[in-house]
Structure formats: structure tokens, C-alpha cells
Protein chains: 6
Amino acid sequence: MKDHYQYKSPVTGEIYDPKTSVRYSEIPTFMRAPLVSDLSEIDIALVGVPFDIGVTNRSGARHGPREIRNMSSLIRLFHPVTRVNPFDLCRVADVGDVRVDNAFHIEAAIESIKSFFWKLHNAGVVPLTAGGDHSITYPILEAIATDKPIGLIHIDAHTDTSDTFLGSNVHHGAPFRRAVESGFIDPMRTIQIGIRGAQNTTEGWEYSLDKGMRVIFMDEVDQLGIDGVIEEARRVVGDASAYLTFDVDGIDPAYTPGTGTPEIGGLTTREALALLRGLRGLNFVGADVVEVSPPFDNSGNTALVGATLMYEILCLLVETAQK
Amino acid sequence: MKDHYQYKSPVTGEIYDPKTSVRYSEIPTFMRAPLVSDLSEIDIALVGVPFDIGVTNRSGARHGPREIRNMSSLIRLFHPVTRVNPFDLCRVADVGDVRVDNAFHIEAAIESIKSFFWKLHNAGVVPLTAGGDHSITYPILEAIATDKPIGLIHIDAHTDTSDTFLGSNVHHGAPFRRAVESGFIDPMRTIQIGIRGAQNTTEGWEYSLDKGMRVIFMDEVDQLGIDGVIEEARRVVGDASAYLTFDVDGIDPAYTPGTGTPEIGGLTTREALALLRGLRGLNFVGADVVEVSPPFDNSGNTALVGATLMYEILCLLVETAQK
Amino acid sequence: MKDHYQYKSPVTGEIYDPKTSVRYSEIPTFMRAPLVSDLSEIDIALVGVPFDIGVTNRSGARHGPREIRNMSSLIRLFHPVTRVNPFDLCRVADVGDVRVDNAFHIEAAIESIKSFFWKLHNAGVVPLTAGGDHSITYPILEAIATDKPIGLIHIDAHTDTSDTFLGSNVHHGAPFRRAVESGFIDPMRTIQIGIRGAQNTTEGWEYSLDKGMRVIFMDEVDQLGIDGVIEEARRVVGDASAYLTFDVDGIDPAYTPGTGTPEIGGLTTREALALLRGLRGLNFVGADVVEVSPPFDNSGNTALVGATLMYEILCLLVETAQK
Amino acid sequence: MKDHYQYKSPVTGEIYDPKTSVRYSEIPTFMRAPLVSDLSEIDIALVGVPFDIGVTNRSGARHGPREIRNMSSLIRLFHPVTRVNPFDLCRVADVGDVRVDNAFHIEAAIESIKSFFWKLHNAGVVPLTAGGDHSITYPILEAIATDKPIGLIHIDAHTDTSDTFLGSNVHHGAPFRRAVESGFIDPMRTIQIGIRGAQNTTEGWEYSLDKGMRVIFMDEVDQLGIDGVIEEARRVVGDASAYLTFDVDGIDPAYTPGTGTPEIGGLTTREALALLRGLRGLNFVGADVVEVSPPFDNSGNTALVGATLMYEILCLLVETAQK
Amino acid sequence: MKDHYQYKSPVTGEIYDPKTSVRYSEIPTFMRAPLVSDLSEIDIALVGVPFDIGVTNRSGARHGPREIRNMSSLIRLFHPVTRVNPFDLCRVADVGDVRVDNAFHIEAAIESIKSFFWKLHNAGVVPLTAGGDHSITYPILEAIATDKPIGLIHIDAHTDTSDTFLGSNVHHGAPFRRAVESGFIDPMRTIQIGIRGAQNTTEGWEYSLDKGMRVIFMDEVDQLGIDGVIEEARRVVGDASAYLTFDVDGIDPAYTPGTGTPEIGGLTTREALALLRGLRGLNFVGADVVEVSPPFDNSGNTALVGATLMYEILCLLVETAQK
Amino acid sequence: MKDHYQYKSPVTGEIYDPKTSVRYSEIPTFMRAPLVSDLSEIDIALVGVPFDIGVTNRSGARHGPREIRNMSSLIRLFHPVTRVNPFDLCRVADVGDVRVDNAFHIEAAIESIKSFFWKLHNAGVVPLTAGGDHSITYPILEAIATDKPIGLIHIDAHTDTSDTFLGSNVHHGAPFRRAVESGFIDPMRTIQIGIRGAQNTTEGWEYSLDKGMRVIFMDEVDQLGIDGVIEEARRVVGDASAYLTFDVDGIDPAYTPGTGTPEIGGLTTREALALLRGLRGLNFVGADVVEVSPPFDNSGNTALVGATLMYEILCLLVETAQK
């Protein structure tokens, strides 16, 4: 396992793990994990999807993978609660960015994304993805949920179950409506956490509730507490395969200003970390962190949150992936 | 009601509601509500008061109405808790900015503001105002409280009941002392929430307490919880007419950095939203959100908080205004 | 003419010209010109096209019209060189933003833009447009050049005569190749000024030169001086109808950092102003300023440059429009 | 005492206390306290240590004293909870910055710092210091703990008890390991609060625990609540001499983005203020606030937090110092 | 002379010149010059006037003295062209900020400023001032031009010879009209350089020209070149007493974004430095740098320009002051 | 040659050149050139030296390589003047960052840097380096100038020929004094361009002149024009081996604000590009771009300038390297 992470300098011949170099050094792959040439060498792939044509408001999430990679140099190895080093348990690598063949037509782009993740999935590699806007989760689910609908833990300010917008039924406000319709996710095994903010129509809220999704609005988060939310999430999703999708606007914009459709009154990062840690042992087959939009992230804090969430989720994924 | 919100493009002839256009489009009136030419067409007026000569520290709140209007394009219609669309209940419009005749002498400026709100009040229109610094609330109260002193819910880091400063007894640290002296507000029906931070004299704190205002310092907020604060606010203000004034520095500067006299250790936006929602049914005759100072608001988050607070307060006002 | 610019406050009844209010006040239409309900009332339309799906790199120009409107409150009336007030010569108005029916497919969006400008053109109104990315100029030219190819003065770092990119031949690097192919512009009456920066292929440069466009690269600007550039521009374009398109990346990013594909080594704003002033008397039938991308414009200077360029171009257009 | 704070203008002859001038005025000493020429005139010294060669990641804390001084003009006199004015109880002064003789070799620099604080301590003056990075606390402890090991309350995201890094055993991740080894602090009377974030080795956590320090990780903070943390801190430290060191990265980066090694999921400022206020009456012989890094602090909020923490700590120190 | 600049540390007893400490260290007086208690000890006073109530647009210049002081730590001693150290020729000191008795009424504030400078002038000290907005130059001229009108070199985008605005004839657009009317400056010995940008009325331009001021608009700067401008300035002002006032908006906002009324197309800093160096030997009795507005100066570059201009002007003033 | 630049996706198997992907995509190596494992595969190495312990003022250049790499994704292939694609002429690769063994003692760090470049040089690879502060050029010269002193073209605001500072004779103000003393550069074949700004001692200027370096201060740049400067540079350096070092503070801080010791009044980027292009055909054996400090570079423009300068210099180096 250790060899997997070693890098040899072409100049000095020195062999070392870039993850432990000083933070501002080395090529910024995700968490300074290795770039690999063969999928058989890895268990978990860190993927970037620099795509934001699906947004309905402020764009910029196309730059998300770049800046999350950049900030992820601050990520370190041993988890402060479990004391586990996830890189000891699985072979983790950065497999680069999805290349979108046609960036000017959303359906063609979505197809490129699906194709990429289908190849990863077929190779038995678990994907942990940095978006991009939330429209990318639909093709990821399409690539992964090949057998039957899977469960979903969805942290977000919005249900993303709206219908057609400006002439397209594929956009970042609709992936989970489409995913239910296509049978990629099971709405009865879906929980949406952190929902808040006004809407121009109530169609998204209603769709989620009508289909049987468990929707925890922020005022219910206040009532349940994070422990209660965790309990609900575990109950709803159960033991079968599930996907975890984290839109950083689920967190309050004081913590994550760099996003496209900020809504005040969200989760704190402390709650987000506690929530993720409470999901340990669930059967995750993939995950993503989306909607980090660097042009609106002056302090870099949103990218840092994104990178740290990826690390925490990695700690969840290694438990499944190493089985 | 629907017609009230329709706009007809002079170019294409298309008729539509600008509030539902894409967020980055349309002329940025408050919440993209219509501009009107006749006060008889409206129930609630959204007003800007671009004035900050009253500050004692950092200025910039003169740019508040502009940026709150800008960010308010992110505001949408249906409330996430009540599922009510306030625009369905009342005719809401943007009536533009107060024009200050003399910007270099605070008393003359204050007189201009009073005159504007007196005309609105006389036309039976309820004002929801974006400041500007807190000195603007005094002339608004003067225009509204024409019969007898009204109640006040005041959220702020400071009591704003200081006396003369640098030769003037009209400034943003004094409006509520002046309003008590002038009989515009009833101190026994006044509650001040979120007070904190050191002061150069204790005169403000003492004035508030001596006059019988209910002052909830931040450490008491911690003890009571927001539900307890709501209970106190409802008890103090009662059923009679009341005004709601929200200084964004009542909220912690992590959420609202763009303000003139930030004090750390304030309310979260979640608490602020819960607090406002707890005031439903009170008899509000007007309200304002003040001290958004865009030059200190790099991320735009303060203006977004300001715009969202205005939406939440609008949801309170429509209940009174439609009676 | 004076009446055209008067606004009556619905509250105070005061009648005044918003263009002369304090800079931080009033609803931010372009230059605080009136919103009108009838195209017959106006000679020149200020238009926003909040569209940036055509970019190949950083997006954000969708927010351009909003921020140019905002900064344009700093614009004033009498020109410092000519002492002429353009608003005295023509009826100028803000006609709002083009609404894009389908924001997720570039061809459909381009069609919406064309339709809007065709209606303006048919009403005899001269358009002065704020983009948006440069892909919007193609449908504007399509709407205007209805008889025969028109001349073009094009200030930019890039020739924007590339071919298909990522599966689409409509994007912000291609409008003038498409416009030549469609017969909207006459390449022999086209001049491109400020071209610089490396390219991944030489196809754009070659297309422009092959078709007979006069291409002035930055090193030739240094040799000719601005007076020489003006002379060339006037010679190439001549007396017949012409369109003026100004991509703010023609200017150096020290002046206009807020743009999608910045190239160092560009024009100064002083050169840009001198260049525009040297074009007086040409027969312009429309113009635009594009590629202002506010998310990359921390200081607001790019939007200020955009607004000032629009004012200078307005001073050119009034000479044609009043004929 | 009042005379101590008076300043006489060399121009107008006016005598006044600069602390009460308008916030944006006067030379920015810490809290606009006087500069003095004789240590016998003062009880508590406000000191700057503009030094950050000890960091392992992002530097910039060298600018901390400057910006904390700048923001500390917002600090005022009477405490909102105790209503005490600390400046009435002790003579407080700004004694300037430590001058580092050799800025390019950390050991030599550390020696300069020790020498400065040794002189202060010998003069019977209690130091309240603004860093600089955390490596400065080691020489301060060396200067103060001349008799026997003292107690330590340490608020931070990191234990700072690591060992050699990049060839040096003196750096900002190691001061408290060194201080235990040198006998400057008593690990059994040391408490570390707010610890979180992954680490590349577990050596720091283990060292702290092995030596008997009380380490409260953030998840335990959630369990205990701030009242519980206070109780633990008072129990561990007891009545004997103690030092208080506050690394601003103990607070969440939403509040304090301007720091070198941000970790999400930290304390809120409200918790930090409550925690400090709960330490009243302990026997503090000095304190510091470190790791404010202005180049990463766009909003200035981190420096404001730093300045406010210094005020709160000053209120603690005056109780000891006036004895 | 050397003693004048020495500082003795109250802690270490070390005696040194703070101007030569590391840039990020020491209390930020202007250029880290000494604070003095007696005007008889000095020849040239560096003064701050933190006042911006006179602005007609964006405020913030009240923070100018603070940030210019801050950035002036980057200033060093020996001039790169003359190789002269101005601090060797005169005793220079920071005398602090003007205190404004009444900050809410511009005439009262202006009176405070005049009184301060009158005392300085009476003590035979030459003032070099950092504003504040341009309204402060009027009371400075009133204090200095006690015998007869003096000459004026005025670098600015605007003539600042407008009349009454919003009810006041004292504001930052009017000081030189007032100064002519009051006989403080001789319009025939006044030159205004860098004028540009549209105006809402032509009254300012006309007033300047009617009174015989030499007005060099930016297009004439282009024609004359800086050498020609210098020649004109020397010819107009001649040998008698003169004052130098530099509004940083005379420089292009790419260099000085942090100002209240930016106009594109201004001087470069290279031109500004050359211009100032060309004024050597003129008989200056005072000078100021105004309109640095830190809230709009993200990069700090405007304050750096302001500080460097003050250094260059100091090099001019020492030649007169040492006579 | 083409194969050298091809990358094969481990997921899709697609083979392509990352340099031509969309700008916001792919791992950000310098100019998205390949990472290699063997020096024999390359002619020119792009190197990062993330080191800034040598600064005397603001640090942050340690983050320079990271952000220059990031911005260099905007760089493209064919040069706008020569139409040459430098990547066609030589095999260019990113060889990663120099690892500094001891980051807390400048001499040890300098030794690490020398060792790295000595290995590169020995392998016959020409280095093009991104700093880091200017102290890194000394060990690079030591590694390269193994036979006899080489020539130097040095663009900078400062001569960097000062002596000991704060106890060290190795720092970013001294490399060229040390390099002359050590016989690495020939002062008679050295030219320093763009020098300006005051200094605390004249020792640096005098050293350069005394040793026979050709020093072109900014006022002489104005006199000679860039063509004259180029002529001087070519005359001084002649045909023998030379090194090119470009400190971005040689350019005006309006263009390059993100640097440690900004001096106003510098070169424009247009002049810088013209200057570099004028050096074609000289015998360069290496080059660097230093002092890009991202924490002070809000707009990213400084990193973009740095990346573009590297591209222009690469176009110079390929001519020598391919011989």
C-alpha cells in the first residue's frame, strides 16, 4: 500500500509521499494523491467534473475541481476522531477530470459524464467526485445504479426535484426528479437534509414528498438535532447500496459563500462533520461534493470546506471499498 | 393581484412577472417588484434610504439599498415553512429611494426622510425600508407614530439610546433615545435583542433600562434560547401597533461583515430567521433593515442577509396589511 | 426632449431627472435613463444581454448588464472634450434585458437574441448593448444587417474568427467567422484592433487575414500609435453602415481584470477613449460592449470601464441616430 | 489613573483620551492605549511580535500586530457583562513590537523574543501579546516561568506538541512540547481546547495525552458544552500561576479566515467569549493571541476577533495585575 | 538631526530609527516618523485629516490617513533620482490627526480643520497632509494664505470649482471656487492638471476658465507630454508661494481604484512621479494628498500610491522648508 | 515530439494533449506540460521553488509556483508575433517543486535549491523556474555557472545587491552581490532594468555601479524607450552564456499587485513583453520569474503575468536549447 503513494523525483531521485510535503508544495492533485495510469491499481478514484452549464443562477462551479484540488493540499492523513488513516485502507488516486465533448449542449455533456463514470464503475472503482454543479449527479447515478434503484443521502438547501426550466429538463435543480423517473434512486430510501429558502413554485418540495422521500427542512434540523437527523438518515437508507451527495449550499453561506445559489440559515460545518461521521458503516457506492464556485469564494474557505468534506467522505468510503 | 406584478416588454410585447426571470436578469428593483406611479395601487412599499451621514465609524450604508436590491433578485416567492406567497396577499411595489435635500447637514436630511414617510403613511401604505444607517429610523417613527407611542422590536448589537455625540444629538447611536423623548415609541413596549460589545460610556444601556425597555443582551439570549426570546418579545410588545427594526450588526459579522460597527459574538442567521418567524401575528405598522454597508461586504453575503430578512419581514407585514 | 428624461416620484410627486441624483441613489437602469413602454418614444435603446453560455473559459459575463447598469450611475452628461450632452440630441432609454427562452442550448438562445434585436431594428431604434459574452454579437448583426453586409470595427484581444470548438460552431470565439459566412459583415470593411496573445491554432488569425480583414495586432498598435490606428479604421470602414463591437479584453487586464479570457499587454483606457473619439462621424447603426465578467472584477473597475465605453459610444451613436 | 491615558496634541494643546476619539482616527496603538517611555508607569504591557518564520504552511502572521492594532480602534471601555472598565483598574500601555535581530534563523529570532519578555517580566509588567505565529509562545513562557512550571490554558485547533519538522525542533507546531521538555509549563496543569482536524502523524496528540495534558477535542466540546469546558479548565489549572494562549484557528474559519492553518468545524466567537469570561479569577501571569494572518483576512474580521479577544483577556489580566 | 528620529524602546532600552526597522514592524506613524510633543522641534508636519463628509458619491476617505500611514512603512529614505534623503534636511514629524468637533455638520467640521492648520502655520511648520476628501483643502488654504492669494498646482480628474450641491456650497467638488472667492488662491497662478470625465453641468469647467486658471485636460496632457505639462506648471505658478494638492483620482483607477469618484483614462503613476519631480525648486508652503478611500482599495495599491506621492512631495517641501 | 505531450486517460483511454483542453480543466502543471519520470526525455524543465524565507517584507511567494501553475492553464501554443509554437521545438516538462530540507534556516534551504539545479544542469536540461523570492536565483546561478561567470539580464525594481540584513548575508535583496563575489555572474556583462524606489542606504546602487553593472533606472527607461533598452541589453550581454531573471516587481503594481515589495512607477506589461521579445537570439542557459505573491494578488493578475512571462521566456529558451 505504501508504494502506491510514493513518488520519485525525476531530478533528485528522492522517493517520498507528496501528501506529507509542505502544504504549499507539489502538484495539486486531490489530497496530493497519485495520478495513475491503470485503474486496476486503485480502489477509490478522486474525480473532477469541471462543468456548470446546468446552473440556473451564478455559474463558476466549473472551477470547483481545480480549487478543491488546490485547497486539498491542506488535508492530512489521520482522522481526529477515529485515528484512522484512510489512505492505509484503500488505494486512492486522482484520475483527472471528466472531459466534456460538447460544452454548449447540456444533454451531450451529460452523456460524456455518464460514459466516464460507467467505465470507472465497470472497473470496480468507487468514485468520489468534486463538481461542478449538481446536474452532474444525474449521469453519475446513471452509471452506478445499473442494477436497481439505490438509496440517497442528499445534503442541500434545495430538493433539486424541480421540473423543466428554461426549456430543459436537465439542469442543476432537477437531477433527483430525473433520477427517480429513470429508476436510478429509490425515493423511499432517499433523505434530503438542510432544505430551506423560498421557491418560485412548490413543485420540487411536493415532488419529493409525494414520492416518499424523507425531507428534513432546516427548522426540523433544529428540532431533531444532528443526532436525530443521523438516526433518520440511517433508518431511511438502511443497509443496501446508497450514494451520498453533498451540495455545499446545504451549509450556511457564512461558511461556504462560494456557491451559485446561496441560502442563509444553513448547517454549520460542525454539524456537517458530525452528520457525516454519523453515517459510518452505511453501504456507500459513491459520493460527490458539488457547487463549489471559486469565483465567489474570495477567502478560499468554500474550497477548503469542499476538500475537508471529501476527506471525511473518503473515510466513509474506505470502509465499504475495502470490503 | 396577478396583473399587479406583470411587466410588458416594450420590445417583444411579452408579458411576464420579472420576479420569476433568471436571477441575474431584469432591472434590480427590490425583489424585482414593480415600480408604480400611484400609491393607491399598493399596500406595501419597499423603500430605499441611501443615507449614512449618521454613522460614528465606518460609512458605506448609503450603498445599502442599491446592493440589497441587487441581491434581492435571489429572493423567491413561496415561504419554506408557511408555504405562503406573500405577493399573493398584498400588492407590493418598489417606490424608489428617499431623496435627501441636504446631504451635508443631518437635521435637514432627517427632515426629508420624515416627509417622505409621512406621505406614504398618509396614503395608507405600509413601509418596509432598506437603510441606510440607523439614524433613519427616527424620522420613520416620527412619520408613522402620529397618534401615540408605538411598540418596538429592535434587533441590534447596540441599544442606540446614546446621547449627543460630536456635537449632534441625531446620529445612528441615538434614534431610540430621541424616539422615547419625542413620544414616538413606548419604552415599556420596547424590546432590544442581541445587545453586546463594550461601550465607552454606559449611558445607552442605562437609558434603556431606566426607561423600562426590555434589553436582552447576548448572554441572556444564550440562556433563554430563541424560543424564550420570542416569548419575551411577544409579551413586551403585545397586540397594539408596533414597529420592527433590524440592524444587521445584531447578527454576527461572520454572517454580516458588511456593516459599520461590527461586534463579534452575535446572532446566527438561523436564530434571526427563527426569531422573525416567531413574531407572526403581531401588529406591525412598518419595518426596516439597516446598516448594510456594501464597501465592507466583499462576498455580498451581508446584502443577501439583508434581502432575505426583508422577505421574511414582508411575510409578517402582509398579515397586518391585508386586514 | 427634457420631458423624456423626467421621473415623477409616486410618493412625493417630485419631478426630476434621475441621472442627476446622487450617484448611489435611484434604480440602476443604464445611466439611469428612463424605462419606456413604447419604442416609438425612443431613438437609441440601451439593452442588456445577460448571456454567457458561449464562453470557452471563465464565465460570469451573464452578470455584466447588471453591474454595468450599477456602475453606470457614475456616468454624467456633458462630454469633457466635445462639451456635448448626448441625451440632448436623442431620446435614449433602457429597454431591459433580452430574455433567453432556452438557456441550456446555445443555438436556441442565440435565436432569442436575434428575435429581440430584429424587433428593435424594425422599430427604427439603434441598439447599444451590454453583454454578455461575444457570442451575442452574431445574432445582433443578423438582426441589423438585413440588407447587405455592413462594416465592422472590432476591438478585442482575439479575432473571434475561430471555427468549431467542443462540438459547436457558435461560441464566443467564432462570431465574426460566422458573420462573414452569413454575409452579415463585409470582411473588406472590417478592422480588428488590439489582437494579441498566443493561440492553440492559427486558424482564427489566418481566417481574418485570408478574408481581407485589416488586423492590427498590439505590436502594430505600438508602431502606428492611436492616431494611426484611427486613420486605418476610418479608411477601412468608410462611409457606409458599420457596427462597433468592443470586447473589454482588448484593454489590458490591469484596467479590466473582470473578463473571461484576459491577455496581458493590451490597450490602456486612455488609448481606448482616444480611439473611440477618433471614430466620430462614422455611420454606426449599432454597437456593443461585451465580456465584462463581474465575478472576476473585485474592484468594480471593469464594469466602470464598460459603462464609460458605453457613454463614449453613445456620443458616437447620437450623431448617426439624430440624422 | 486618568492622567495615564491622556494625550496632549502638539498642535492644538487639547488634552484628551485617544481611546474615545472617533474610531477611524488617531495613531493605531493597541486599543489606542498610550505609548510609554518608562516601564515603571505601567502594569500591563500590550506587545506585538511580528514574526512568522515558524509557520509550516501559509505565512502572514508577521502582519498580525499591525492589523490587530488597526482593528483594535473599534474596542471600547466598559465590558457588556461586568460593566467594568479594565483601563480604570490598571495602567495599560502599548510598548511596541519586539525587534528580531536575525529574521532568517529561527533560533536566533526566538532568543530575541525571550530577551524582550524577560525584561518586561523583570520589571513586574504583565504581558498581553499579539503574534505572530505560535512559535513565539515558547520564548514568552521561557521569560515568565522563571521559578517553576506554570499552568496553561491553550485554545487551538492543534496541540502544537509535534516534534522536529523540516530540520528544526522550533516551529509553530512544537512550542508546547518544547515548553514541557524545558520545564516551563506543567502538563498536568495544561488544558488544550478545540483540537480538531486530521494530522500526518499522531505524535502530537499522543505526546499531549502521554504527558497528562487535558485535551478537549471539538467533539468533546460538543458533548460538554462551554460550561463544561470552563469547569474542566478551572479544575485542571487551579489557583496557581497560569498562562493563556489563544490561537485564532481554534475558532472556525468562517469567523477567522485570516490564519495560516485553518481547520473547519471550530468554536464560534460566542463560545470563545463565553469561555474566556468563564476563566475570571484565575491567576494569569500573561497571555497571547496568535496566528492572525492579515493577507488571508479580506474582511478584516479575523483581526477584529483578535482585538476583541485581547480586550476580553485584558479584563481577566487586570484582576490579577491589580492585586 | 539624527537624534530627532531616534526612538528608545521602553523595554530593551535600545535606541534606533524606526524608519529602518522591518517594514511590517513598529507603530505606523506616517513614514514611521516620530510623534512629537512640541512644534518647535519640527520643520515639516505630517498631518492626517480623517474626514469625508464632503463627498458627493462614495465615502471612505475618512480611513485614508490610517491606511496611508500603514502603507507608508514601505517608504524609504534616499530618493532614487536625486540620491537625497529628505529626512536629513528637515525635521519631519507626525503630529497626528485633526479632530473634528462636529462631524455631522460640514461647516463646523471645516472650521475645526482651519483652526488646526492655522496653529501649525503660526508655529512656522509646513504641513504635508493626507486626506480625507478634497473639501479639506479649503480650510487648509484659509489657514496658510493669510497674507495674499497663493498659487496652486492641482492634480485631479475634476476642477472642483462647482457651486452649491445638495444645499451646501462646501463640499469636495467646490473647494477651489470657494478659495478663489475668498481670495486664498490666485486663479491666474493656478493650474489644474489631468481633468477629464463627463459632468452634469459645465459650470466647474467654465468657472475655472473664466477666472483664468490654466486647465490641462487629459487630451492636452497627451499632446503636451509630461515635460510640456511641467513647463506650463512652472510658468503659471512662478516663484511666489504656492500650494500643491494631489487628488489621487487624477491618476487612472487601474493604479488608484480606492477613491470616491473614479474616472478612467487618467495619469499613470510614472507620469505622476515625473510631474512631481519636475516641480523641484518651486516655493511650496504646503501640500496634500487626498481622496484615498481604503474601503474601495482591496489591493492596498491606492494607499501605497498615496504614501509614495507624500514622500515625493516631502522631497519638494524640504527644499523650501530648509531655507 | 508530439508523443511527448500526449496523455492517456486511465479511465477512458483517450489520448490527447492536455494543453488544448478547456482552460479550467486538467491537473495544473506549468502550462499543462507533462510530468516526466526521466530527465533524458526533456530539453527544458519547468521548475517551482516554493520558498520565501528570504524576504525582508511581505512573504507569500512560497505560493507562487502553485498559482502560476494554476494561471498558466490560460497559456496557449502559437506565439502572436512569431507564429512559432515553442513546444514544437523542444521537449518541455514540469519536473515539480524543489523540496527544501530545512525551511527554518536560509543557508540550509539555499543549499537544497542549489543541489536540485545542479542535477538538472548536469543532465543537460535548461531550467525555467517560478519562484519563490529572489534569494533563489543565487543557488540557481551557483548550479549553472560552473565554468566561469555568466552574463545576466535582470529586470526588477531593486538592484538586489545589498549587503547583510538582519544578521544574514543571504536574502532576497542580496543575491547578485553574492553572485558577483562568488564569481557566478560577470558584472560587466550584467544589466539591471527598471530600478526605482527609495532605499534606506545607497549601498546596493553603489555596489552595482562600482562593479560595472549597467543599471537602467526607470527614468532612463523613459528616456531610452524600450528599443533603446533592448539595444543596451544586447550590447552588455553579448553572445556568451547568460541568465535571465525577472522579478515581477519590475512591472508596475497596477499590473502585478501580488508581490512583496511593490514600487509604483514601473514597467507596463506591454513594455515587458516588447523587452523580452527584443532579446531573441541571446544565449540563455536558464531563466526565472520570481516574487509572485498570491496572498496579495486578489485578481490573480500577477500570477497571469508571471505565467505569460514564462511563456515568452520559453520562446527565447527553445532557440538556445534546440541548438
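This is a predicted model: local features need pLDDT of at least 70, side-chain atom pairs count only at pLDDT 80 or more; totals for chains, interfaces and linings use all residues.
A residue counts as buried here if 20 or more other C-beta atoms lie within 10 Å of its own.

**A buried helix**

Helix 4 of chain A covers residues 137-144, and eight of its eight residues are buried, so the helix is largely enclosed by the rest of the structure. The residues in question are A:T137, A:Y138, A:P139, A:I140, A:L141, A:E142, A:A143 and A:I144. What do they pack against? Two of the partners are helices, helix 3 (106-122) and helix 5 (175-181) of chain A. The others are strands of chain A: strand 5 (126-131), strand 7 (185-195), strand 9 (242-247) and strand 10 (284-290).

**The sheet, seen in chain B**

Let's move to chain B for the sheet. Eight strands make up an open, parallel sheet there, in the order 4-3-5-10-9-6-7-8. Its edges are strand 4 (92-97) and strand 8 (214-217) of chain B, each of which pairs on one side only. From one strand to the next, the twist averages 15°.

At the strand 4 end, strand 3 (residues 44-49) of chain B runs parallel to strand 4 of chain B, and four bridges join the two. One pair to look up is B:A45, whose bridge partner in strand 4 of chain B is B:A93. Helix 1 (residues 64-71) of chain B packs on the sheet, touching strand 3, strand 4 and strand 5 of chain B, with a direction at about 105° to that of strand 5 of chain B. Helix 7 (residues 218-237) of chain B, for its part, lies across strand 6 (150-155), strand 7, strand 8 and strand 9 of chain B. Helix 7 of chain B runs at about 155° to strand 7 of chain B.

**The nonpolar core**

In soluble globular proteins, nonpolar side chains tend to be buried together. The largest nonpolar core in this model has 630 residues. Which residues have the most contacts inside it? They are A:I44, B:I44, C:I44, D:I44, E:I44 and F:I44. Take B:I44: leaving aside residues up to four places away in sequence, B:I44 touches B:C90, B:V92, B:V125, B:V126, B:L128, B:L314, B:L317, B:V318 and B:A321.

**How the chains meet**

Now for the assembly. Chain A can be laid on chain F by a turn of 180°, and that is the relation of a two-fold axis. The C-alpha of A:P28 is the nearest one in chain A to that axis. Since 100% of the interface residues of chain A are also interface residues in chain F, the copies meet through the same surface.

Chains C and B are related by a rotation of 180° too. Here are the numbers for both pairs.

In the second pair, 32 residues of chain C are in contact with 32 residues of chain B. On the chain C side, helix 1 (64-71), strand 4 (92-97) and helix 3 (106-122) of chain C each give two or more residues. That side divides into 14 nonpolar, nine polar and nine charged residues. Again the same surface serves both copies, with 100% of the contact residues of chain C recurring in chain B.

Other pairs stay apart. Chain C and chain D do not touch, their nearest C-alpha atoms being 11 Å apart. Chain A and chain E do not touch either, with nearest C-alpha atoms 11 Å apart.

Definitions and conventions: Residues are numbered from 1 along each chain as its sequence is written. Chains are lettered from A and ligands numbered from 1 in the order in which they are written. A nonpolar core is a set of buried Ala, Val, Leu, Ile, Met, Phe, Trp, Tyr and Cys residues joined through C-beta atoms within 7 Å. A residue is buried if 20 or more other C-beta atoms lie within 10 Å of its own, exposed if 12 or fewer, and partly exposed in between; C-beta atoms are placed from the backbone. Two residues are in contact if their C-beta atoms, placed from the backbone, lie within 7 Å. Copies are superposed by least squares on the C-alpha atoms of residues with pLDDT of at least 70 in both. Two strands pair if DSSP finds at least two bridges between them. Axes are lines fitted to C-alpha atoms, for helices over the stretch in contact, and angles run from 0 to 180 degrees between N-to-C directions. Ala, Val, Leu, Ile, Met, Phe, Trp, Tyr, Cys and Pro count as nonpolar, Asp, Glu, Lys and Arg as charged, and the others, Gly among them, as polar.
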